[in-house]
Amino acid sequence: MDIIGFGNEGRLSFEGAGGFTSSSSGVGGPNNGENKEEDIEKLIDRAINATLVLAAGSFAITKLLTIDHDYWHGWTLFEILRYAPQHNWVAYEEALKRNPVLAKMVISGVVYSVGDWIAQCYEGKPLFDIDRGRMLRSGLVGFTLHGSLSHYYYQFCEALFPFEDWWVVPAKVAFDQTVWSAVWNSIYFTVLGILRLESPLAIFSELKATFFPMLTAGWKLWPFAHLITYGVVPVEQRLLWVDCVELIWVTILSTYSNEKSEARVSEVSAETEMQPPSIGPPQE
(Lines give C-alpha, C1' and ligand atoms only; values in the text may rest on other atoms or scores of the structure.)
Protein backbone atom coordinates (compact mmCIF):
# COMPACT_ATOMS: atom_id res chain seq x y z
CA MET A 1 0.00 0.00 0.00
CA ASP A 2 1.53 3.29 -1.07
CA ILE A 3 0.75 5.82 1.61
CA ILE A 4 3.62 8.21 1.14
CA GLY A 5 1.86 10.01 -1.66
CA PHE A 6 4.90 11.14 -3.64
CA GLY A 7 4.14 9.14 -6.81
CA ASN A 8 5.31 10.68 -10.06
CA GLU A 9 5.21 14.10 -8.45
CA GLY A 10 7.92 13.20 -5.95
CA ARG A 11 10.37 15.88 -7.01
CA LEU A 12 11.65 19.26 -5.94
CA SER A 13 10.05 21.91 -8.10
CA PHE A 14 11.56 25.26 -8.94
CA GLU A 15 8.66 26.12 -11.24
CA GLY A 16 6.40 29.05 -10.65
CA ALA A 17 9.06 31.75 -10.31
CA GLY A 18 7.69 33.54 -13.30
CA GLY A 19 4.17 32.17 -13.34
CA PHE A 20 2.67 35.31 -11.88
CA THR A 21 2.41 36.93 -15.30
CA SER A 22 0.89 34.10 -17.30
CA SER A 23 -2.71 34.43 -16.21
CA SER A 24 -2.82 38.19 -16.71
CA SER A 25 -1.37 38.16 -20.22
CA GLY A 26 -4.78 38.21 -21.82
CA VAL A 27 -6.32 41.49 -22.88
CA GLY A 28 -9.67 42.50 -21.47
CA GLY A 29 -12.13 40.06 -19.98
CA PRO A 30 -14.17 40.35 -16.78
CA ASN A 31 -11.67 38.44 -14.63
CA ASN A 32 -8.55 40.29 -15.76
CA GLY A 33 -8.42 42.52 -12.69
CA GLU A 34 -8.99 39.61 -10.33
CA ASN A 35 -6.22 37.60 -11.99
CA LYS A 36 -3.81 40.50 -11.61
CA GLU A 37 -4.63 40.78 -7.91
CA GLU A 38 -4.11 37.04 -7.43
CA ASP A 39 -0.78 37.20 -9.27
CA ILE A 40 0.38 40.08 -7.07
CA GLU A 41 -0.66 38.18 -3.94
CA LYS A 42 1.24 35.08 -5.10
CA LEU A 43 4.31 37.17 -5.86
CA ILE A 44 4.21 38.77 -2.40
CA ASP A 45 3.67 35.37 -0.78
CA ARG A 46 6.65 33.87 -2.59
CA ALA A 47 8.79 36.86 -1.67
CA ILE A 48 7.89 36.43 2.00
CA ASN A 49 8.66 32.71 1.87
CA ALA A 50 11.97 33.29 0.11
CA THR A 51 12.92 35.95 2.66
CA LEU A 52 12.09 33.68 5.61
CA VAL A 53 13.93 30.67 4.16
CA LEU A 54 17.02 32.65 3.19
CA ALA A 55 17.08 34.51 6.51
CA ALA A 56 16.73 31.31 8.55
CA GLY A 57 19.35 29.54 6.45
CA SER A 58 21.78 32.44 6.66
CA PHE A 59 21.31 32.70 10.42
CA ALA A 60 21.90 28.98 10.95
CA ILE A 61 25.00 28.86 8.75
CA THR A 62 26.41 32.00 10.35
CA LYS A 63 25.90 30.64 13.87
CA LEU A 64 27.55 27.34 12.96
CA LEU A 65 30.55 28.90 11.24
CA THR A 66 31.15 31.66 13.80
CA ILE A 67 31.17 29.41 16.87
CA ASP A 68 34.85 30.34 17.43
CA HIS A 69 34.68 33.99 16.43
CA ASP A 70 36.19 35.09 19.76
CA TYR A 71 39.38 33.16 18.94
CA TRP A 72 39.72 33.92 15.21
CA HIS A 73 42.66 36.26 15.54
CA GLY A 74 45.36 34.86 13.27
CA TRP A 75 43.26 31.88 12.15
CA THR A 76 43.15 30.84 8.52
CA LEU A 77 39.92 29.91 6.75
CA PHE A 78 41.02 26.28 6.84
CA GLU A 79 41.38 26.40 10.63
CA ILE A 80 37.95 28.00 11.02
CA LEU A 81 36.29 25.28 8.94
CA ARG A 82 38.35 22.56 10.60
CA TYR A 83 37.38 23.33 14.18
CA ALA A 84 33.78 24.47 13.60
CA PRO A 85 32.20 20.96 13.66
CA GLN A 86 34.07 19.90 16.77
CA HIS A 87 33.33 23.07 18.72
CA ASN A 88 29.66 23.10 17.65
CA TRP A 89 29.38 19.59 19.07
CA VAL A 90 30.96 20.76 22.33
CA ALA A 91 28.50 23.67 22.47
CA TYR A 92 25.60 21.25 21.89
CA GLU A 93 26.75 19.00 24.74
CA GLU A 94 27.05 22.01 27.03
CA ALA A 95 23.49 23.04 26.10
CA LEU A 96 22.31 19.55 26.97
CA LYS A 97 23.89 19.87 30.41
CA ARG A 98 22.42 23.33 31.06
CA ASN A 99 18.89 22.65 29.87
CA PRO A 100 18.43 19.26 28.16
CA VAL A 101 14.68 19.59 27.59
CA LEU A 102 14.88 23.02 25.93
CA ALA A 103 17.81 21.96 23.72
CA LYS A 104 15.86 18.93 22.50
CA MET A 105 12.71 20.99 21.98
CA VAL A 106 14.60 23.39 19.71
CA ILE A 107 16.11 20.56 17.69
CA SER A 108 12.74 18.84 17.23
CA GLY A 109 11.07 22.13 16.29
CA VAL A 110 13.64 22.78 13.57
CA VAL A 111 13.48 19.20 12.27
CA TYR A 112 9.68 19.14 12.10
CA SER A 113 9.59 22.51 10.29
CA VAL A 114 12.23 21.47 7.76
CA GLY A 115 10.60 18.07 7.36
CA ASP A 116 7.26 19.65 6.47
CA TRP A 117 8.97 22.01 4.01
CA ILE A 118 10.61 19.02 2.32
CA ALA A 119 7.23 17.24 2.26
CA GLN A 120 5.60 20.19 0.50
CA CYS A 121 8.39 20.33 -2.08
CA TYR A 122 8.06 16.61 -2.75
CA GLU A 123 4.34 17.07 -3.24
CA GLY A 124 5.24 19.21 -6.25
CA LYS A 125 4.99 22.71 -4.80
CA PRO A 126 7.57 25.25 -6.00
CA LEU A 127 10.42 25.78 -3.58
CA PHE A 128 9.15 29.15 -2.30
CA ASP A 129 5.42 28.48 -2.79
CA ILE A 130 5.07 26.64 0.51
CA ASP A 131 2.21 26.83 3.00
CA ARG A 132 3.75 28.75 5.90
CA GLY A 133 0.88 27.96 8.24
CA ARG A 134 1.24 24.24 7.65
CA MET A 135 5.01 24.37 8.24
CA LEU A 136 4.49 26.42 11.39
CA ARG A 137 1.95 23.91 12.74
CA SER A 138 4.31 21.00 12.20
CA GLY A 139 7.23 22.88 13.76
CA LEU A 140 5.07 23.87 16.72
CA VAL A 141 4.15 20.24 17.38
CA GLY A 142 7.80 19.25 17.18
CA PHE A 143 8.92 22.04 19.51
CA THR A 144 6.22 21.85 22.17
CA LEU A 145 5.64 18.10 22.28
CA HIS A 146 8.13 15.88 20.47
CA GLY A 147 11.32 17.21 22.04
CA SER A 148 10.06 17.24 25.62
CA LEU A 149 8.09 13.99 25.46
CA SER A 150 10.97 12.16 23.77
CA HIS A 151 13.38 13.33 26.49
CA TYR A 152 11.26 11.74 29.21
CA TYR A 153 10.35 8.72 27.09
CA TYR A 154 13.97 7.65 26.60
CA GLN A 155 14.60 7.98 30.32
CA PHE A 156 11.48 5.93 31.04
CA CYS A 157 12.57 3.30 28.53
CA GLU A 158 15.93 2.96 30.28
CA ALA A 159 14.20 2.53 33.63
CA LEU A 160 11.79 -0.01 32.11
CA PHE A 161 14.62 -2.18 30.77
CA PRO A 162 17.51 -1.75 33.24
CA PHE A 163 19.37 -4.80 32.00
CA GLU A 164 22.50 -5.49 29.95
CA ASP A 165 21.42 -8.75 28.32
CA TRP A 166 21.38 -9.33 24.58
CA TRP A 167 17.58 -9.19 24.35
CA VAL A 168 17.29 -5.68 25.81
CA VAL A 169 17.87 -3.82 22.52
CA PRO A 170 15.28 -5.86 20.55
CA ALA A 171 12.84 -5.44 23.45
CA LYS A 172 13.30 -1.66 23.44
CA VAL A 173 12.83 -1.55 19.68
CA ALA A 174 9.65 -3.62 19.93
CA PHE A 175 8.28 -1.40 22.73
CA ASP A 176 9.16 1.72 20.77
CA GLN A 177 7.51 0.50 17.58
CA THR A 178 4.28 -0.54 19.25
CA VAL A 179 3.44 1.48 22.36
CA TRP A 180 5.45 4.66 21.80
CA SER A 181 4.81 4.89 18.05
CA ALA A 182 1.06 4.44 18.59
CA VAL A 183 1.04 7.15 21.28
CA TRP A 184 3.14 9.65 19.33
CA ASN A 185 1.39 9.19 15.98
CA SER A 186 -1.95 9.71 17.73
CA ILE A 187 -0.68 12.86 19.45
CA TYR A 188 0.76 14.20 16.19
CA PHE A 189 -2.42 13.76 14.13
CA THR A 190 -4.70 14.96 16.94
CA VAL A 191 -2.75 18.15 17.67
CA LEU A 192 -2.37 18.97 13.97
CA GLY A 193 -6.12 18.58 13.58
CA ILE A 194 -6.72 20.94 16.51
CA LEU A 195 -4.32 23.50 15.05
CA ARG A 196 -6.19 23.25 11.72
CA LEU A 197 -9.40 24.03 13.67
CA GLU A 198 -11.00 20.76 12.61
CA SER A 199 -13.93 19.27 14.45
CA PRO A 200 -13.38 16.43 16.95
CA LEU A 201 -15.31 14.09 14.65
CA ALA A 202 -13.03 14.91 11.70
CA ILE A 203 -9.92 14.45 13.85
CA PHE A 204 -11.14 11.08 15.12
CA SER A 205 -12.03 10.01 11.57
CA GLU A 206 -8.55 10.91 10.33
CA LEU A 207 -6.89 9.17 13.27
CA LYS A 208 -8.96 6.04 12.71
CA ALA A 209 -8.09 5.96 9.01
CA THR A 210 -4.36 6.58 9.48
CA PHE A 211 -3.54 4.77 12.73
CA PHE A 212 -2.61 1.31 11.47
CA PRO A 213 -1.24 2.36 8.05
CA MET A 214 1.16 4.82 9.69
CA LEU A 215 2.11 2.38 12.43
CA THR A 216 2.99 -0.37 9.97
CA ALA A 217 4.68 2.10 7.61
CA GLY A 218 7.07 2.98 10.42
CA TRP A 219 8.18 -0.64 10.62
CA LYS A 220 9.85 -0.26 7.23
CA LEU A 221 12.22 2.38 8.63
CA TRP A 222 12.44 2.63 12.39
CA PRO A 223 13.38 -0.90 13.56
CA PHE A 224 16.65 -0.65 11.63
CA ALA A 225 17.33 2.91 12.84
CA HIS A 226 16.51 1.99 16.44
CA LEU A 227 19.02 -0.84 16.51
CA ILE A 228 21.53 2.02 16.44
CA THR A 229 19.41 4.21 18.76
CA TYR A 230 19.26 1.67 21.57
CA GLY A 231 22.38 -0.32 20.82
CA VAL A 232 24.99 2.36 20.13
CA VAL A 233 23.87 5.92 20.92
CA PRO A 234 24.03 7.18 24.55
CA VAL A 235 20.74 8.20 26.16
CA GLU A 236 21.35 11.97 26.06
CA GLN A 237 22.34 11.88 22.37
CA ARG A 238 19.48 9.68 21.18
CA LEU A 239 17.06 12.42 20.26
CA LEU A 240 19.64 14.09 17.99
CA TRP A 241 20.16 10.82 16.10
CA VAL A 242 16.43 10.14 15.98
CA ASP A 243 15.74 13.67 14.71
CA CYS A 244 18.20 13.13 11.86
CA VAL A 245 16.15 10.11 10.80
CA GLU A 246 12.98 12.09 11.55
CA LEU A 247 13.69 14.30 8.53
CA ILE A 248 12.61 11.33 6.44
CA TRP A 249 9.80 10.26 8.74
CA VAL A 250 8.32 13.73 9.27
CA THR A 251 8.18 14.12 5.50
CA ILE A 252 6.04 10.97 5.36
CA LEU A 253 3.91 11.96 8.37
CA SER A 254 3.30 15.50 7.18
CA THR A 255 2.52 14.47 3.62
CA TYR A 256 0.09 11.77 4.72
CA SER A 257 -1.64 13.96 7.31
CA ASN A 258 -2.22 16.82 4.87
CA GLU A 259 -3.29 14.45 2.07
CA LYS A 260 -6.02 13.10 4.35
CA SER A 261 -7.06 16.61 5.40
CA GLU A 262 -7.24 17.86 1.80
CA ALA A 263 -9.13 14.73 0.74
CA ARG A 264 -11.77 15.38 3.41
CA VAL A 265 -12.14 18.99 2.28
CA SER A 266 -12.62 17.82 -1.32
CA GLU A 267 -15.20 15.25 -0.25
CA VAL A 268 -17.17 17.83 1.71
CA SER A 269 -17.09 20.25 -1.23
CA ALA A 270 -18.24 17.54 -3.64
CA GLU A 271 -21.10 16.52 -1.35
CA THR A 272 -22.18 20.14 -1.01
CA GLU A 273 -22.22 20.63 -4.78
CA MET A 274 -24.22 17.42 -5.33
CA GLN A 275 -26.95 18.35 -2.85
CA PRO A 276 -30.11 19.55 -4.63
CA PRO A 277 -31.28 23.05 -3.78
CA SER A 278 -33.81 23.19 -0.97
CA ILE A 279 -37.39 23.83 -2.06
CA GLY A 280 -39.33 26.04 0.30
CA PRO A 281 -43.08 26.01 0.85
CA PRO A 282 -45.15 27.71 -1.83
CA GLN A 283 -45.87 31.33 -1.13
CA GLU A 284 -49.47 32.38 -1.03
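1. Ground rules. The model is predicted, with local features needing pLDDT of at least 70 and side-chain atom pairs counting only at pLDDT 80 or more, while totals for chains, interfaces and linings use all residues. Residues are numbered from 1 along each chain as its sequence is written, and side-chain values use heavy atoms, with hydrogens and water left out.

2. The overall build. The protein chain has 8 helices and 0 strands, giving the pattern α-α-α-α-α-α-α-α along the sequence. Helices (H or I, at least four residues) and strands (E, at least two) are DSSP runs, numbered from the N terminus.

3. Of the 284 residues in the protein chain, 35% are buried. Here buried means under 20% relative accessible area, exposed over 50%, and partly exposed in between (1.4 Å probe, protein chains only). The chain exposes about 17100 Å², with carbon and sulfur atoms supplying 67% of that area; the areas come from the Shrake-Rupley method with a 1.4 Å probe. Among contacts (heavy atoms within 4.5 Å) with a separation of 6 or more, 73% join residues 24 or more positions apart.

4. Space within. Rolling a probe the size of a water molecule over the atoms shows where empty space is left. The whole structure has 2 cavities of 30 Å³ or more, and the largest cavity holds about 180 Å³. A cavity is a set of points, on a 1 Å grid over the protein atoms alone, where a 1.4 Å probe fits but cannot get out; lining residues have an atom within 4 Å of a point. Its volume is the space filled by probe spheres set on the points, which are joined across faces, edges and corners.

5. Who lines the largest cavity? There are 18 lining residues, and the closest to the centre are Trp180, Ser181, Trp184, Trp222 and Glu246. Helix 4 (132-160), helix 5 (168-195), helix 6 (200-218), helix 7 (222-231) and helix 8 (238-274) each give two or more residues. Helix 5 gives the largest share, 6 residues. By type, the lining has 9 nonpolar, 7 polar and 2 charged residues (Ala, Val, Leu, Ile, Met, Phe, Trp, Tyr, Cys and Pro count as nonpolar, Asp, Glu, Lys and Arg as charged, the others, Gly among them, as polar).

6. A backbone detail. Most residues other than glycine have a negative phi. Leucine 197 is not a glycine, yet its phi is positive, at about 60 degrees. Leucine 197 sits in the loop between helix 5 and helix 6, and counts as exposed at 76% relative accessibility.

7. The structure holds 8 salt bridges, each a side-chain nitrogen of Lys or Arg within 4 Å of a carboxyl oxygen of Asp or Glu. One of them joins aspartate 45 and arginine 132 (2.7 Å, N to O), tying helix 1 (residues 32-65) to helix 4 across 87 residues. Aspartate 45 is partly exposed at 25%, as is arginine 132 at 29%. Another joins aspartate 129 and arginine 46 at 3.9 Å, N to O; aspartate 129 lies in the loop between helix 3 (100-122) and helix 4, and arginine 46 in helix 1, 83 residues apart. Arginine 46 is buried at 15%.

8. Which residues are linked in a network of salt bridges? They are Glu158, Lys172 and Arg238. Lysine 172 belongs to helix 5 and glutamate 158 to helix 4, 14 residues apart. Lysine 172 is buried, with 5% relative accessible area, whereas glutamate 158 is partly exposed at 24%.

Key:
1 Å grid on protein atoms, 1.4 Å probe; cavity = no way out; pocket = protein on both sides within 12 Å on 5 of 7 lines; lining within 4 Å.
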